[in-house]
Amino acid sequence: MIVPDNNVIVNEVEKLIEKYGSGRENLLPVLQDIQRKFGFISDFAMQEIAHKMNIHPVEVYGVVTFYSFLSTEPKGKYIIRLCKTISCDLAGKDAVANTLQRELGLKFGETSSDRKFTLEYCHCIGMCDQGPAMLINEQVYTKLTPSKVIEIIENLK
Ligand code: FES
């Protein structure tokens with residue numbers, strides 16, 4: 001993922017404000033679209049949004065850091081989120097977590113230097129009876145085992 005030029009951000013923020021309106025109730029949809037388009041919300045983007053929507057930058061920052069699906073850091077092309085909630089935990093989450101870390105050469109919370117993979121934990125994704133479960137971007141994977149994980153990661157590399 002390429003870090004966007006500031007002019008590109010200025011144009012995109014303008015377009016989104018035209019689309020949604022500049023009222024503060026539209027802050028979240030604007031942020032979500034910026035996240036979707038660039039993969040993260042840079043400091044510059046937060047300042048630009050704050051300026052254009054007439055919201056204090058600290059407030060914008062507060063919203064971005066509150067929601068786990070919004071990020072202030074560039075993330076990988078594939079965002080892998082392993083469920084760490086109790087059913088998945090009891091179903092063997094730790095073995096899956098270790099395999100993911102080993103196969104990707106990453107710890108949880110890290111992004112690979114080529115920005116291909118980000119590894120994170122998440123809370124329950126509603127697949128508790130089919131754990132351990134994880135998401136890769138929007139795709140759900142269930143009944144994970146170390147060997148299944150190796151295969152999935154191999155296919156993405
Ligand atoms: S506990 Fe993992 S999906 Fe619900």
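## Order of helices and strands

Read along the sequence, the protein chain of this predicted model runs α-α-α-α-β-α-α-β-β-β-α, which comes to seven helices and four strands; helices (H or I, at least four residues) and strands (E, at least two) are DSSP runs, numbered from the N terminus. Residues are numbered from 1 along each chain as its sequence is written. Because the model is predicted, local features need pLDDT of at least 70 and side-chain atom pairs count only at pLDDT 80 or more, whereas totals for chains, interfaces and linings use all residues.

## The chain as a whole

Taken along the principal axes, the C-alpha atoms of the protein chain fill a box of roughly 50 × 30 × 25 Å. Of its 157 residues, 24% are buried, a residue being buried if 20 or more other C-beta atoms, placed from the backbone, lie within 10 Å of its own, exposed if 12 or fewer, and partly exposed in between.

## Helix H1

Helix H1 (residues 6-20) has 15 residues and should span 21 Å at 1.5 Å a residue, which agrees with the 21 Å between its end C-alpha atoms; the expected span is 1.5 Å times one less than the number of residues. Just after H1, Gly21 takes a positive phi of about 100 degrees.

Ile9, Val13 and Leu16 are the buried residues of H1. Seen down the helix axis, they fall within an arc of 65 degrees, so they line one face of H1, the arc being that of the directions from the axis to the C-beta atoms. Helix H2 (27-38) and helix H3 (43-53) are among what covers these buried residues, while the face turned away from the buried side carries the exposed residues Asn7, Asn11, Glu14 and Glu18.

How values were computed:
Two residues are in contact if their C-beta atoms, placed from the backbone, lie within 7 Å.
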